[in-house]
Amino acid sequence: MSNFYTDNPSLKHHLHHPLMRRIVELKERDFRDKGEFDYAPVNFEDAMDSYEKVLEIVGEISGEIIEPNAESVDHEGPTVSNGRVTYARGTQENLDAVRKAGLMGMAMPRRYGGLNFPIVPYIMAADIVSRADAGFENLWGLQDCAETLYEFGNEDQHKRYITRVCAGETMSMDLTEPDAGSDLQSVMLRATYDEAAGCWRLNGVKRFITNGDSDIHLVLARSEEGTKDGRGLSMFVYDKRDGGVKVRRIENKMGIKGSPTCELVYRNAKAELCGERRLGLIKYVMALMNGARLGIMAQAVGICDAASREGYKYACERQQFGKAIINFPAVYEMVAIMQARTDASRAMLYETARFVDIYKALDDISRERKLTPEERQEQKKYAKLADAFTPLGKGMTTEFANQNAYDCIQIHGGSGFMKDYPCERLYRDARITNIYEGTTQLQVVAAIRHVTTGTYLNQLREYEAIEYKPELDGLKKRLIDMTNAYEKLVATVTEVKDNEYLDFMARRLVEAAAHCVFGYLLLQDTNKDDSFRKSAEVYINYGETEICKFQEYIGKFKPENLLAYK
């Protein structure tokens with residue numbers, strides 16, 4: 001029996017982080033549900049036991065059903081007929097399994113049929129599913145759209161829609177259009193109010209919509225006539241049962257083939273407003289995208305893990321010149337770096353998830369009562385850290401997923417170029433992760449202000465102040481040196497006081513910050529569990545080298561050299 005939770009000790013390590021006690025305390029509100037729901041935990045230990053049991057179920061379904069179906073789903077893919085999508089047989093089997101296991105609506109409150117899980121175990125489930133099949137994660141993981149509906153919809157919408165998601169219905173977020181990709185303020189799908197019917201009507205086209213034939217859609221549309229920017233956009237809920245939307249076609253993609261990416265035609269489709277008018281992009285989509293980016297981080301970590309395992313397995317099995325190729329330095333270096341990237345990415349994923357958990361839980365509590373001054377301060381602190389770590393993590397982990405998939409094929413040699421091994425699918429699946437939900441370049445744009453305002457540096461100094469085991473002093477000293485070098489790089493660039501020069505160097509500064517953060521997170525993991533030490537040492541070696549390259553480049557680069565790139 002293959003179980004993708006129990007065969008990976010690092011997951012339990014991250015699940016049992018010290019901050020989980022505070023997260024559970026906030027999420028469970030003194031365990032008030034225990035008298036109303038027989039599956040609600042009665043204390044912290046009971047809650048953690050519940051998370052573990054559910055993650056074991058996720059791990060079993062992933063190892064026994066989803067992963068074995070991955071290759072056939074990749075070959076078969078979904079089809080479209082008469083404006084409706086039919087999933088591949090394996091995809092339908094996967095969906096049936098997770099529905100039967102009650103794994104939809106995991107993070108939703110129990111009163112709507114959910115499990116009321118914090119973000120950490122929910123994202124851990126996404127990590128596990130992504131290792132099995134990144135394409136299926138795009139279907140199962142879109143239940144996260146219910147979080148946006150919960151946060152901004154009204155109680156009537158909660159009862160009508162969130163209960164359906166928890167019962168197993170699927171969701172999608174319909175944002176992109178042919179002329180509005182990253183520039184969502186250019187969205188032109190029209191929303192007009194139908195006075196006679198007492199509802200909104202949607203007309204236009206949406207493109208590149210993941211799981212576009214879902215049951216319940218969140219739709220970004222232009223509700224304010226005559227506007228052309230983000231202030232004229234609102235968020236709407238569309239119910240597939242009401243009709244009015246057809247799937248024109250399914251995109252023929254490079255990877256994640258089990259996930260239907262659709263072009264949708266809205267023709268007078270009935271919809272209802274979610275939240276307030278004009279806040280669709282300014283407030284609601286930003287919240288939706290941040291949640292989606294955390295999900296893509298989980299997807300990237302799952303791919304990183306799968307590629308690392310496949311590369312290591314093949315390197316141990318493949319014999320050349322009388323010995324397994326894992327014994328050649330050129331190969332064992334690649335394998336070690338792949339594992340270090342995986343461990344670093346996973347550490348970043350769960351650090352970010354913990355930050356999101358705390359601020360989201362306090363946000364939810366603030367709807368029930370006034371927060372104390374201490375709680376407001378806590379909410380502000382973790383909201384800022386989540387805002388800083390989400391783009392940093394999404395940008396780096398997705399690039400690492402691509403690199404691990406690339407290296408996995410390289411280890412396989414000519415065999416990796418064939419469809420005989422999973423690495424070929426992993427390579428194709430990984431490629432979208434650093435594109436959708438905001439390209440790596442857009443993540444740099446979001447992260448750079450946390451470089452210039454000192455958010456990352458302040459957090460690094462907090463990591464530095466943690467007490468580490470004496471035997472880790474050498475690694476800590478190197479991380480302090482890396483952080484000092486990063487601080488000087490920021491000063492060197494910002495002292496020029498040229499915004500274009502800052503934008504040009506932004507990627508290097510953001511990556512330098514990331515290498516320091518990832519290094520410290522691995523050091524903290526090693527401080528609790530020595531099995532992470534190899535990855536910490538390998539990653540810090542790698543991070544030092546990268547920061548040295550940035551020092552050399554920035555030190556020699558003159559602002560006037562920008563002209564050569566135009």
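Let me start with the lining of the second largest pocket, whose residues divide into 9 nonpolar, 8 polar and 6 charged, where Ala, Val, Leu, Ile, Met, Phe, Trp, Tyr, Cys and Pro count as nonpolar, Asp, Glu, Lys and Arg as charged, and the others, Gly among them, as polar. Before I go on, please keep in mind that this is a predicted model, in which local features need pLDDT of at least 70 and side-chain atom pairs count only at pLDDT 80 or more, while totals for chains, interfaces and linings use all residues. Residues are numbered from 1 along each chain as its sequence is written, and side-chain values use heavy atoms, with hydrogens and water left out.

Back to the pocket. The second largest pocket holds about 530 Å³ of space, and of the 23 residues that line it, S308, Q339, D343, S531 and S535 lie nearest its centre. A pocket here is an open set of points on a 1 Å grid over the protein atoms alone, with protein on both sides within 12 Å along at least five of seven lines, whereas a cavity is a set where a 1.4 Å probe fits but cannot get out, and lining residues have an atom within 4 Å of a point. Grid points are joined across faces, edges and corners, and a volume is the space filled by probe spheres set on the points. Helices α1 (9–15), α9 (280–317), α10 (329–366) and α17 (533–556) each supply at least two lining residues of this pocket, and the largest share, 8 residues, comes from α10. Helices (H or I, at least four residues) and strands (E, at least two) are DSSP runs, numbered from the N terminus.

What about disulfides, and how many does a search of the whole structure find? The search finds 0, taking a disulfide as a pair of cysteine sulfur atoms within 2.5 Å. The sulfur of C166 is too far for a bond, because the closest cysteine sulfur, in C145, is 13 Å away; the sulfur of C548 is likewise too far, because its closest cysteine sulfur, in C516, is 11 Å away. C166 is buried at 10% relative accessible area, while C548, at 45%, is partly exposed; buried means under 20%, exposed over 50%, and partly exposed in between, with a 1.4 Å probe and protein chains only.

Two further buried positions deserve a look. T483 sits in helix α15 (residues 473–494) with a relative accessible area of 0%, and, leaving aside neighbours within four places in sequence, T483 is in contact (heavy atoms within 4.5 Å) with L457, L460, R461, C516 and Y520. P260 lies in the loop between β8 (245–250) and β9 (261–274) and is buried at 1%. The C-alpha atoms of P260 and L139 are separated by 8.7 Å, although the two residues are 121 apart along the chain.

Finally, as regards the whole chain, 60% of the 566 residues count as buried, and the C-alpha trace spans about 70 × 55 × 55 Å along its principal axes.
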